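Please look over the sequence and the structure shown here before reading the briefing that follows.

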Amino acid sequence: MNARLHRLRFEYPKSDRLAFLGHLELITTIGRSIRRAGLPFAVSSGFARRMKVQFSSALPVGVSSRAEYFDLFLTERLDADEVLERLIACSPAALSPRIARYVDESLPALEAWLDRSSWILDLGSSIDASAFDEGVARLRVQGAFSYMRGTMPKTVDVGESYVSHRLFEKHGSLMLALETLSLPSGAMRPEAFVRACAELSETPDALPAYLRCARTAQHHLDDGNLVEPFELSLPKLVD
Amino acid sequence: MRAERKDCFHLIEPLLPLVEKPARYLDHEWGACEDQDGPFHVCMIYADVYEIGQPNLGVAILYNELNSCAGISCERAYLPWTDMIAHMRERSIPLLSLESASPLASFDVLGFTLAHELIMTNVLETLDLAGIAQRACDRDEDDPLVIAGGPSAWNVEPMAVVFDAVLLGDGETSIKDVCTRIRDLRAAGASRAAILRALAEIPCVYVPSLYEQVVDETSTRWGYVVPCAGEHAPRVVYKRCEADLADTEPIAQRIVPYLETVQDRLSIEVLRGCARGCRFCQAGMTYRPVRERPLEQIVDATSQALAACGYDEVSLSSLSTTDHSQCQALLGELSRLTGDRGIRVSLPSQRLDAFGVDMAAAAAGGRRSALTFAPEAGSQRLRDVINKNVTQDDLERAARNAFQNGWRKVKLYYMMGLPTETDDDIRAIVDTAARVLEIGREVVGRGRKSGVSVSISVAVLVPKAYTAFQWCGQLPLDEVRRRQALLLESAPKDRDIRISYHDARASLIEGALSKMGRDGFALIHEAWARGCRFDAWTSEFSFETWLDAAEAAGFDLEEIACEEFPLDARLPWEHTSPAVSKGYLQREWRRALAGITTEDCTFASCTGCGVCPTLGVSNVIQEARS
């Protein structure tokens with residue numbers, strides 16, 4: 001018989017040096033933080049008994065974030081703020097969770113549900129804003145681009161993945177605010193998008209070798225409306 | 001000249017997006033000692049990539065011991081992978097420590113772990129990348145002192161010119177003695193030479209520069225090593241031995257890595273030493289006596305460390321965990337402790353009998369991956385030669401027990417090139433594998449769906465210092481290839497028997513470096529200069545480059561590795577001793593040739609190896625062994 005589980009959603013950053021963790025490394029690190037906190041997490045059945053936890057979509061290595069999420073399934077309903085406090089005490093500062101709220105257990109898996117991402121990229125001081133805009137326009141007309149992900153070629157459908165962009169200046173750098181939509185076939189990597197645009201604007205060398213990139217928000221797109229990750233939270237419970 | 005101590009992370013940060021596995025270079029792991037105020041600074045170095053070096057128990061022990069000393073800080077460093085090395089060299093960035101990202105050349109002491117012979121070119125690469133002279137005699141007065149220890153220190157002569165001092169044996173106490181002595185003498189303004197002489201007064205510390213190599217009619221061509229005229233260094237430096245493991249920290253490795261390491265789990269050292277007496281095994285001779293940690297300490301420490309670290313697996317590590325006299329009770333206690341938390345208990349090796357399988361079953365819970373046994377030799381005759389006190393009946397009972405307990409895959413580890421080995425012994429390997437497969441089919445069934453299979457892995461014997469086989473020559477490459485072919489030809493045409501063997505060329509390098517004296521440095525340096533590093537990595541190892549380096553340095557690798565030493569010759573390593581007597585090893589060699597086995601002194605009476613009386617220690621067994 002399955003006991004009822006309690007689905008607690010956490011928001012956390014991925015910042016500083018830990019932006020360079022790969023997704024599996026991130027999952028392992030947070031899993032160990034949860035164990036250190038002594039939380040009553042649910043464990044899957046079978047030979048390989050694993051903690052029941054779901055994560056939002058993977059960030060590319062080197063990309064930081066202000067808004068990552070995971071859902072932890074607990075066997076006991078504890079006060080969400082108390083759980084948050086215990087987990088903060090056992091987490092690396094650069095991954096320290098900021099919010100914890102219970103959500104409905106029947107919600108879809110986080111990775112598929114949070115399909116809209118907001119990004120900020122530092123394009124450096126050498127690239128011209130209007131040239132970059134031109135590159136975006138050409139890419140949208142082109143409809144798709146290909147790039148090498150490691151040793152594997154990958155093609156991205158810009159028509160569906162690209163939502164909007166905005167350029168602005170900050171401390172002498174050209175900054176890009178980008179909105180993307182992830183698809184069942186995969187998500188568009190912001191850096192790959194930027195380099196494809198720069199290529200089409202014939203200014204690829206104007207970009208820095210390392211593009212600083214951060215995810216700033218994630219949402220669920222529901223019939224044209226953006227739903228906040230905690231919008232479907234249950235009322236705060238105090239045992 | 002000593003480099004300035006400062007945080008240089010900003011130098012490597014821009015390189016992180018350009019390299020594989022940037023998590024290797026991040027630091028800030030849970031449990032790392034961030035407080036690195038010193039003022040005396042030590043850096044422990046494992047000269048391979050992070051994921052190989054981080055789980056090393058020796059480094060972890062020394063890290064904890066030093067960081068617990070007032071006024072001493074200890075950090076870690078690993079050799080970056082080749083991509084990062086290339087970027088760092090291109091930009092003239094020196095090798096940095098992990099915790100404070102300070103240049104290694106800014107430290108007071110650098111300590112290398114010599115885990116195996118194939119790490120030697122990496123040690124040279126590490127020093128070069130750090131901007132530190134590779135030879136001790138070329139270092140300036142205020143340069144870091146470069147020390148070393150670990151399993152390959154038992155013939156350190158090929159690297160003797162690199163190290164200012166070498167620590168032999170258990171490091172818990174000696175590392176503190178060495179570092180506090182250096183700190184105090186530095187503070188008093190002592191010269192580098194005076195510091196080295198003072199270090200040589202500490203038991204277990206070998207200072208190579210105070211010794212010289214002598215080649216004469218009593219020695220091999222590699223000579224023997226004696227104190228230089230006028231020096232008062234001891235003629236033989238004996239290892240340090242912690243008398244009781246219960247007095248040491250049970251969980252040394254408390255740093256929780258971000259990236260997957262080769263042993264990505266909590267590790268608790270349940271016992272140190274092994275007295276089984278396998279005649280090829282260097283660890284079995286050099287870690288004596290056997291010291292078991294008490295059950296209560298293991299359980300308490302495991303409970304606390306699992307909570308503190310958050311691992312989902314704990315490994316009971318040692319040379320022979322299932323020999324621990326409280327093993328059965330221990331596994332029961334740990335099962336109660338971890339059962340409902342999704343935490344696994346693992347044993348690194350199984351004893352080759354039914355008891356060993358019972359213990360493996362107790363540890364595994366419901367999981368059944370492959371079960372590994374190490375008969376080491378195919379025939380009973382040859383197992384007696386190597387003193388592997390295991391009979392064919394033991395092996396068959398263990399295999400039957402394993403299949404009855406739910407295992408379907410059995411791995412068997414063997415060696416090739418053992419003394420007195422014949423073609424019949426090679427054929428006996430596949431005969432044994434076929435017999436184990438047949439037992440599996442009897443127990444489980446004969447259909448393909450039964451999933452029963454046997455894998456054989458065959459390594460080449462590398463004769464090591466302080467073993468009964470230290471006088472033996474290694475098998476020549478052509479003969480290895482012939483016997484490998486014989487093995488394959490002799491195997492039954494059954495796809496449920498799989499055979500693999502190690503790269504005999506890498507073993508040949510290992511064998512040559514295990515035999516050479518101080519002259520061996522010319523070979524290692526030449527190989528490094530020609531680009532050899534990460535020699536233990538199949539992807540990086542270049543036998544051809546080693547051959548070229550040997551030719552340039554005037555050596556014949558095969559001739560060196562395959563040379564037999566006279567039984568009465570003075571050997572290159574006899575001045576650095578784990579306290580096993582030469583007479584005992586000679587006796588063991590003669591008994592090997594006669595096929596006479598020697599018992600384990602933790603099960604029977606003393607066998608006279610000499611360790612206990614020489615060091616004033618004894619076996620520490622918690623309950624009677626069975």
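Which residues of β1(B) lie on one side of the strand and which on the other, and are they buried or exposed? Phe40(B), Val42(B), Met44(B) and Tyr46(B) lie on one side and His41(B), Cys43(B) and Ile45(B) on the other, and all of them are buried, where buried is said of a residue with 20 or more other C-beta atoms within 10 Å of its own, exposed of one with 12 or fewer, and partly exposed of those in between, the C-beta atoms being placed from the backbone. The model is a predicted one, in which local features need pLDDT of at least 70 and side-chain atom pairs count only at pLDDT 80 or more, while totals for chains, interfaces and linings use all residues. Residues are numbered from 1 along each chain as its sequence is written, and chains are lettered from A and ligands numbered from 1 in the order in which they are written.

**Strand β1 of chain B and its partners**

- Strand β1 (residues 40-46) of chain B has 7 of its 7 residues buried, so it is largely enclosed by the rest of the structure; strands (E, at least two residues) and helices (H or I, at least four residues) are DSSP runs, numbered from the N terminus.
- β1(B) runs parallel to strand β2 (residues 72-78) of chain B, to which 7 bridges join it, and strands are said to pair if DSSP finds at least two bridges between them.
- β1(B) also pairs in the parallel sense with strand β3 (residues 109-113) of chain B, over 4 bridges.
- Val42(B) stands opposite Cys74(B) in β2(B), and in β3(B) its bridge partner is Val109(B).

**A three-stranded sheet in chain B**

- An open sheet of 3 strands, paired in parallel, has the order β10-β13-β14 in chain B, and its edge strands, β10 (266-269) and β14 (344-346), each pair on one side only.
- Neighbouring strands of this sheet are turned by 20° against each other on average, direction ignored, the axes being lines fitted to C-alpha atoms, for helices over the stretch in contact, and angles running from 0 to 180 degrees between N-to-C directions.
- β10(B) pairs over 4 bridges with strand β13 (residues 313-317), where Ser317(B) stands opposite Glu269(B).

**Helix α18 of chain B**

- In helix α18 (residues 543-553) of chain B, Trp546(B), Ala549(B) and Ala550(B) are buried.
- These buried residues fall within an arc of 100° when seen down the axis of α18(B), so they line one face of the helix; the arc is that of the directions from the helix axis to the C-beta atoms.
- Glu544(B) and Glu551(B) are exposed on the other side of α18(B), and the cover over its buried residues includes α16 (504-515), α17 (520-529) and α19 (557-562) of chain B.
- Gly554(B), which follows α18(B), has a positive phi, near 85°.

**Chain A and its side facing chain B**

- Helix α2 (residues 80-89) of chain A has Ala80(A), Val83(A), Leu84(A) and Leu87(A) buried, and the face turned away from its buried side carries the exposed residues Glu82(A) and Ala89(A).
- 20 residues of chain A are in contact with 20 residues of chain B, contact being defined as C-beta atoms, placed from the backbone, that lie within 7 Å.

Terms used. Contact = placed C-beta atoms within 7 Å.
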